[in-house]
Amino acid sequence: MRLHVNGQAHDAPTAPGTCLLTLLRQLGWFGVKKGCGTGDCGACTVLLDGVAVHSCLVPAFRAADRHVTTVEGLPGPVADPVQRGFAQAQGFQCGFCTPGMVMTVHALDQAQRADLPQAMKGNLCRCTGYRAIADAVAAGIEVDNPAPATADVVTGAARYTLDIGVPGLLHLRLLRSPHAHARIRAIHRAAALAVPGVVAVLTHEDAPGRRDSTARHEDHRADPDDTLLLDGTARFIGQRVAAVVAETVAAAEAGCAALHIEWEVLPAVFDADAAMQPGAPQLHAQHGRILDAAHNVVHRVVGRSGCVEAGFAAADAVVEVSYDLQRVQHAALEAHGCVTWLDADGRLVVRSSTQVPFLVRRALADLLDLDPSRIRVVAARVGGGFGGKQEMLVEDICALATLRTGRPVQVELTREEVFTATTTRHPMRVAVRAGARADGTLTALHLHVVSNTGAYGNHGPAVLEHACNEVLAMYRCPNKAADGVAAYTNTLPAGAFRGYGLSQTLFAMEQAIDALARRLGLCPFEVRRRNMVRPGDALVGARPGLDDVEFGSYGLDQCLDLVQAALASGRG
Ligand code: FES
Ligand code: FES
């Protein structure tokens, strides 16, 4: 079929089932982004004969003999007022959503622009909070010191991980466990290998036997060695258990569907407290840096400063609050993905959407038994991370596929996989006990945390440490204590997430301070002012040893004033 894109004619044969988004990217129009593939995010918005459409929802054949405009077809920020508005107001951060936003705004009339939340409800941004986008649409707002990538972002020239044409590319899809806890008895791959276009099938029998963690830290000892590249035991629904590499995504998916696995289903446990009880299913054998595998305990924090028992005895009021804080997904608009190939010198090149390229290189070298100089990890512009890409979730399997096939391989997780098989904020059960004198002066704080690290301990110990320490450091109080534990369950592994454990415990702590103020009949702002740390105070958390660090200039007092004023004004 023939279609016209940004004034250029393309004669493009399309396979059945191809959507316009896929076709445009195959033709090299990488300004069109894929955030979901299901019509929810708007990153793929283009103009089809002048009408804004989500190109992932449009069958490619419907564009035959029609005119498509992508962000690359606009005249640029000097001549185009919409692109100029986004550039001047910096209506983006990672910029992955920006091409779609720009195209949607282009199609709006003045009346629609007056009600942006309605007019742009089909375009999601994970980074900006929408204020800057509204400023961009309003135009006339100019931010000093624009980001260096501004022109590339608003014109669609910025290149993200998969915005690259690689000749001879293979595609990798992952088969995932349907069971929360199960052992693989056998994998039958003949039917998958017989699917036309399938090049390779990788299972735990093909993977290195070295245990590591998906978490990436400068010091790898921050995490337990509890994870294999592909494991003969599945410990959560969604764990990858095999990979199929094929000439097309469709063939790789058909190969996954044709794989037959014989499972031995095992008892599972989903609650962190239950997982630590005698008789609970044990998830892991005792591997490196797991504190107590027999009781599913990966890490524990016990800290004391002063004597909380004496502090509670001296209090005029004691309150206790308890919360279950739920799992949260980062939902970066660019899904996890990478491309791997061997360069002319036989060096493994990994182009990945990662926050930690150097740590990924080191981990791949260890895992695949390669000299680090034989690996090059490239991070292009990253379409959002928020901690979710401080893990190695796709690079290892993709690299293994390239080493096995000798060919370039690409993997791109679906939005569903991002939600069901990549890391999240740690669900936590947090209890806070707080005591104070009648004037609001704190006498004791006790924090109890049970962190559900999921099936693997990636970031589990470090997140627990921060959750238990800094939250106690925010208040002056002579008697503090924390008891925290991170436990394995047969659920999705949690990981690094903005706040790194503190969002959960700070929420509970602040609720306790409010409850204490109510009990004493005091203003909650005044209770905070009376007790909050001040510049020059030592940083005293749950553990001795942090008190050699002092608070400097910090702005906490100004924040409190601003919040109080905003709430009083009714704008809060
Ligand atoms: S709406 Fe098309 S990729 Fe999200
Ligand atoms: S700037 Fe919108 S998703 Fe990152």
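Helix α6 is followed by A139, whose phi is positive, near 65 degrees. The model is predicted.

**Helix α6**
- Helix α6 spans residues 131-138, and its buried residues are A132, I133, A136 and V137.
- Seen down the axis of α6, these buried residues fall within an arc of 140 degrees, so they line one face of the helix.
- An α-helix has 3.6 residues a turn, so residues three or four places apart point the same way.
- R131 and A138 are exposed, on the face of α6 turned away from its buried side.

**The five-stranded sheet**
- Five strands form an open sheet in the order β2-β1-β5-β3-β4, and their pairing is mixed.
- The edges are β2 (8-11) and β4; each has a single partner strand, so one side of each is left without a neighbour in the sheet.
- From one strand to the next, the twist averages 35 degrees.
- Strand β1 (residues 2-5) runs antiparallel to β2, and four bridges join them.
- The bridge partner of R2 in β2 is D11.
- Helix α3 packs on this sheet, where it touches β3, β4 and β5 (67-69).
- The direction of α3 makes about 35 degrees with that of β3.

**A loop glycine**
- Where is G50 found? G50 lies in the loop between β3 (45-48) and β4 (51-54).
- Is G50 buried or exposed? G50 is exposed, because its relative accessible area is 51% and the cut-off for exposed is over 50%.
- From C-alpha to C-alpha, G50 and C94 are 27 Å apart in space. In sequence, 44 residues separate G50 from C94.

- Strand β6 (residues 170-176) is mostly covered, with seven of its seven residues buried.
- L170, L172, L174 and R176 point one way from β6, while H171, R173 and L175 point the other way. Residues on both sides are buried.
- In a regular strand the side chains alternate between the two faces of the sheet.
- Strand β17 (residues 409-412) runs parallel to β6, and two bridges join them.
- Strand β10 (residues 240-246) pairs with β6 in the antiparallel sense, over six bridges.
- H171 stands opposite Q410 in β17, and its bridge partner in β10 is A246.

**The three-stranded sheet**
- Three strands form an open sheet in the order β9-β7-β11, with antiparallel pairing.
- Each of the edge strands β9 (233-234) and β11 (260-265) has a single partner strand, so one side of each is left without a neighbour in the sheet.
- Six bridges pair β7 (residues 182-188) with β11 in the antiparallel sense.
- A182 stands opposite V265 in β11.

**Helices α17 and α18**
- The axes of α17 (residues 524-531) and α18 (residues 556-569) come within 11 Å.
- These axes cross at roughly 175 degrees, and α17 and α18 are therefore roughly antiparallel to each other.
- By class, the contact of α17 with α18 has four nonpolar, one polar and three charged residues.
- On the α17 side, the residues in contact are F525, R528 and R529. On the α18 side, they are L560, D561, V563, Q564 and L567.

Definitions and conventions. Residues are numbered from 1 along each chain as its sequence is written. Chains are lettered from A and ligands numbered from 1 in the order in which they are written. This is a predicted model: local features need pLDDT of at least 70, side-chain atom pairs count only at pLDDT 80 or more; totals for chains, interfaces and linings use all residues. Side-chain values use heavy atoms; hydrogens and water are left out. Buried means under 20% relative accessible area, exposed over 50%, partly exposed in between (1.4 Å probe, protein chains only). The arc is that of the directions from the helix axis to the C-beta atoms. Axes are lines fitted to C-alpha atoms, for helices over the stretch in contact, and angles run from 0 to 180 degrees between N-to-C directions. Angles under 35 degrees count as roughly parallel, over 145 as roughly antiparallel, 65 to 115 as roughly perpendicular and the rest as oblique. Contact means heavy atoms within 4.5 Å. Ala, Val, Leu, Ile, Met, Phe, Trp, Tyr, Cys and Pro count as nonpolar, Asp, Glu, Lys and Arg as charged, and the others, Gly among them, as polar. Two strands pair if DSSP finds at least two bridges between them.
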